Amino acid sequence: MDKEAGEFWVTNPFQMAQNGQNLSAYERKRLYLNHFGSEFLDASFFSTADIDSDSRSVIAADFNRDGRVDLLVGSVGGGPVRLFLNEIPRNSNYVRLELTGKTSNRQAIGSRIVVETGKATITRDVFAANGCMGQAPPEALIGVGDVSLIPHIRIRWPTGDWQELHNVPVNTTIKVIEGTTSLATADAHAP
C-alpha cells in the first residue's frame, strides 16, 4: 500500500465513516490506444484524459457523429461531466447501424450484425453497453477499413429471423426496421 497516495486497508467497511475514511478515489485517469493489435500505448497525457477527479462512469459512443468513438466521463460529488472528443484522424471507413425492432424489442437488444466487406467478416452484437451510472446508446458503429461499399450485411433479430442488406454505403448511418426492405440513411457528419 502507498499511504502517500491515500491507499488504506479496511478490516470492517461498516466502520469507514466513523474512522473518517471513504472510497473516493482521485487517481489519474488512463487512456490506452491499441497499436496494431500487438500492444497498448498510454495516451493519457496526450489526450488530456488524465484528469484528477473522482470519476465513476464512462460512456463510449460517437457523440459528434463523425465515425470515431468519444468518451463521456462523469464524476461524483457535483463534479463536472467531461466530454473527450476523439480527434485522431480517421483513416478508414465505417457504418453506423440503428436497428428498430417490430416483433423483437424496440431497441433490438440481442440482435447480431454480420458485416461482410469482401476482405473481412465482422460480427457485432447489439446491447446497451453500461457501466457504473452510465449507458451508451444501443447502436452499432462498425469500422470496415478501406472498402467503399459494403457488399453484404446480415442481421439476426432477437426473434431468430434474419434480414439481409446489400450494397450498403459507408460513412453514414443506416436505420433498419425489422422485417422491412427499405432503408433510411442519414448523412454522416463530415470530419
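Ala, Val, Leu, Ile, Met, Phe, Trp, Tyr, Cys and Pro are counted here as nonpolar, Asp, Glu, Lys and Arg as charged, and the others, Gly among them, as polar. On this basis, the lining of the largest pocket comprises 28 nonpolar, 11 polar and 8 charged residues. The model is a predicted one.

Two or more lining residues come from each of β1 (32-35), α1 (44-47), β3 (55-61), β4 (70-75), β5 (82-84), β6, β8 (121-125) and β11.

The largest nonpolar core holds 21 residues. Leu97, Leu99, Ile113, Ile142, Val144, Ile150 and Ile153 touch the most other members. Two or more core residues are supplied by each of β6 (93-100), β7 (112-116), β11 (140-145), β12 (149-156), β13 (162-169) and β14 (172-177). In soluble globular proteins, nonpolar side chains tend to be buried together. Ile113 illustrates the packing. Setting aside residues up to four places away in sequence, Ile113 touches Leu97, Leu99, Ile122, Thr123, Arg124, Val126, Ala140, Ile142, Ile153, Arg154 and Ile155.

Backbone geometry was examined next. Thr48, not a glycine, has a positive phi of about 65°. Thr48 sits in the loop between α1 and β3. Thr48 is exposed, at a relative accessible area of 51%. Arg65 also is a residue other than glycine with a positive phi, near 60°. The loop between β3 and β4 contains Arg65. Arg65 is partly exposed, with a relative accessible area of 28%.

Definitions and conventions:
Residues are numbered from 1 along each chain as its sequence is written. This is a predicted model: local features need pLDDT of at least 70, side-chain atom pairs count only at pLDDT 80 or more; totals for chains, interfaces and linings use all residues. Side-chain values use heavy atoms; hydrogens and water are left out. A nonpolar core is a set of buried Ala, Val, Leu, Ile, Met, Phe, Trp, Tyr and Cys residues joined through side-chain atoms within 4.5 Å. Buried means under 20% relative accessible area, exposed over 50%, partly exposed in between (1.4 Å probe, protein chains only). Helices (H or I, at least four residues) and strands (E, at least two) are DSSP runs, numbered from the N terminus. Contact means heavy atoms within 4.5 Å.
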